Amino acid sequence: MRRSTMGEEDSDGFCGNPPGRQLGVKEQKPAFWVFFYERSVMVGFLLPVIYLSFISLGLPDMLLGSAWPVMHVSLHATVESAGNISMVISFCTIVSSLLADRLIHRFGTGRVTTFSVALTATALFGFSFSTSYLQLIFLAIPYGLGAGAVDSALNNYVALHYKARHMSWLHCMWGIGATLGPYIMGICLLQGDHWQAGYRTVGYLQIFLTILLVVSTPLWKKENDRKETEKRRVLSLSQALALPGAKAIFLSFLCYCSIEAATGLWISSYFHLVRGVAEADAAKFTSMAFLGVTLGRGISGFISEKLGDVAMIRLGEGLILAGILVVLLPLPVKLTLFGFLFVGLGCAPIYPSIIHSTPLRFGAQNSQSLVGMEMAFAYVGSTFAPKIFGLISDGTGMQIFPFYLLFFLILMVVMTERCNRATGLHH
């Protein structure tokens with residue numbers, strides 16, 4: 001059985017040692033059935049479970065926005081109060097991302113992922129039985145805590161053990177989940193059910209995934225291996241910031257998520273207020289950017305190993321720039337829409353490539369701490385950048401939206417290249 005080093009993939013798709021194989025221990029040739037179990041069951045079952053976990057991570061993300069026009073009426077809440085629920089979820093997600101390393105170091109990726117998904121399922125069921133706005137605020141706490149921990153845990157696990165294509169496809173799975181969530185809610189509402197039925201349906205799916213994760217617990221042995229655990233370091237924020245290139249990559253990640261989140265929130269308003277598109281049509285245009293992200297991550301999986309993480313990040317930055325320039329040109333609306341499609345395509349490889357390059361940039365022993373902090377900075381960007389633009393646009397108008405995106409893009413390019421030089425990945 002060939003042993004692979006970091007960044008080299010076995011024929012089964014693992015990068016490095018697959019889960020369950022101990023490090024530093026002389027291997028004995030296993031019996032045939034053991035060999036078959038490790039190579040067929042573990043490889044054939046664990047990776048699909050990880051993919052399903054990321055679909056489940058995306059499922060609830062768009063539920064609140066898709067259901068809120070109905071929810072706020074039945075809960076006697078204002079339209080704007082959805083922002084408060086979203087802020088609580090985001091804050092708890094940031095907290096759990098920062099704490100994820102310590103939890104994973106103690107309990108292992110499998111247990112943390114299982115508990116986090118179960119926590120999210122509990123919150124979703126709580127949403128489905130809520131009768132007041134304050135109940136939603138309270139339930140947003142476990143909702144956010146569960147989402148941040150599983151996001152950090154799975155991203156780092158795939159970065160350590162699988163090649164770049166799996167990281168791209170992993171985030172493609174998130175896009176599928178984010179697309180399916182509103183679709184499920186829409187079906188429930190069209191059938192005459194209340195919005196609670198949509199949340200309950202997604203909650204059932206989360207429970208099914210929790211059961212799968214419980215069954216797959218033995219397959220996460222690598223994270224619980226004593227020698228492996230001893231090599232890992234739990235870094236404080238100050239210790240992480242002291243690493244060469246860490247500040248730059250954190251800011252780069254913040255800028256990327258600012259672009260993605262601001263585009264998702266304000267694209268329809270831009271087309272309606274600046275380009276004069278009807279409200280109903282402008283609302284549909286939001287899907288173009290997310291379509292670009294999902295398709296782009298599917299395509300990235302086939303080319304990321306040939307180009308490498310650094311080249312994929314630069315390719316994504318170039319596509320975003322091309323898309324923003326198209327939006328700035330006085331072109332017909334349909335061509336401007338394609339500009340935002342290019343922005344989505346450009347966003348596609350950046351997130352997974354930054355995560356996948358983390359062990360190479362900062363060392364496998366530091367990667368879980370760094371990934372958790374990258375997640376935290378990502379959520380800071382996605383939480384505040386759209387709101388900041390809303391405040392700016394009140395005074396300047398929506399027409400500066402492409403320049404707002406361009407500002408974050410330029411800052412992201414500068415920070416990414418600074419990190420590349422500091423970590424020796426500039427070639």
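Tutor: Among the contacts in the chain with a separation of 6 or more, 78% join residues 24 or more positions apart, where contact means heavy atoms within 4.5 Å. The model is predicted, so local features need pLDDT of at least 70 and side-chain atom pairs count only at pLDDT 80 or more, while totals for chains, interfaces and linings use all residues. Residues are numbered from 1 along each chain as its sequence is written, and side-chain values use heavy atoms, with hydrogens and water left out.

Of its 427 residues, 56% count as buried, a term for under 20% relative accessible area, with exposed over 50% and partly exposed in between (1.4 Å probe, protein chains only).

In soluble globular proteins, nonpolar side chains tend to be buried together. Here the largest nonpolar core holds 107 residues, and those that touch the most other members are Trp 68, Met 71, Ile 85, Tyr 199, Phe 253 and Phe 401; such a core is a set of buried Ala, Val, Leu, Ile, Met, Phe, Trp, Tyr and Cys residues joined through side-chain atoms within 4.5 Å. Helix α11 (residues 246-273) gives this core the most, namely 14 residues. Apart from its neighbours within four places in sequence, Phe 401 is in contact with Ala 262, Thr 263, Trp 266, Tyr 270, Phe 340 and Phe 389. There is also a second, separate core of five residues, among them Ile 104, Val 112, Ala 149 and Ala 153.

Trp 68 belongs to helix α2 (residues 63-74), and it counts as buried because its relative accessibility is 4%. Its C-alpha atom is separated by 9.9 Å from that of Thr 78, a residue 10 positions away along the chain. Beyond α2, in the loop between α2 and α3 (82-107), sits His 76, which is exposed because its relative accessible area is 74%. Helix α11 also contains Leu 265, which counts as partly exposed because its relative accessibility is 47%. Leu 265 lies 9.3 Å from Lys 387, C-alpha to C-alpha, although 122 residues separate the two in sequence.

Pairs of helices complete the picture. The axes of α3 and α5 come within 6 Å and cross at roughly 35°, where axes are lines fitted to C-alpha atoms over the stretch in contact and angles run from 0 to 180 degrees between N-to-C directions. This crossing of α3 and α5 is right-handed, the near helix being turned clockwise from the far one by less than a right angle. The contact of α3 with α5 has 16 nonpolar, seven polar and no charged residues; Ala, Val, Leu, Ile, Met, Phe, Trp, Tyr, Cys and Pro count as nonpolar, Asp, Glu, Lys and Arg as charged, and the others, Gly among them, as polar.

Helix α5 (residues 133-161) also approaches helix α14 (residues 333-362), with axes that come within 8 Å and cross at roughly 65°. In this contact α5 supplies Asp 151, Asn 155, Val 158, Ala 159 and Leu 160, while α14 supplies Tyr 351, Ile 355, His 356 and Pro 359.

Terms used
Helices (H or I, at least four residues) and strands (E, at least two) are DSSP runs, numbered from the N terminus.
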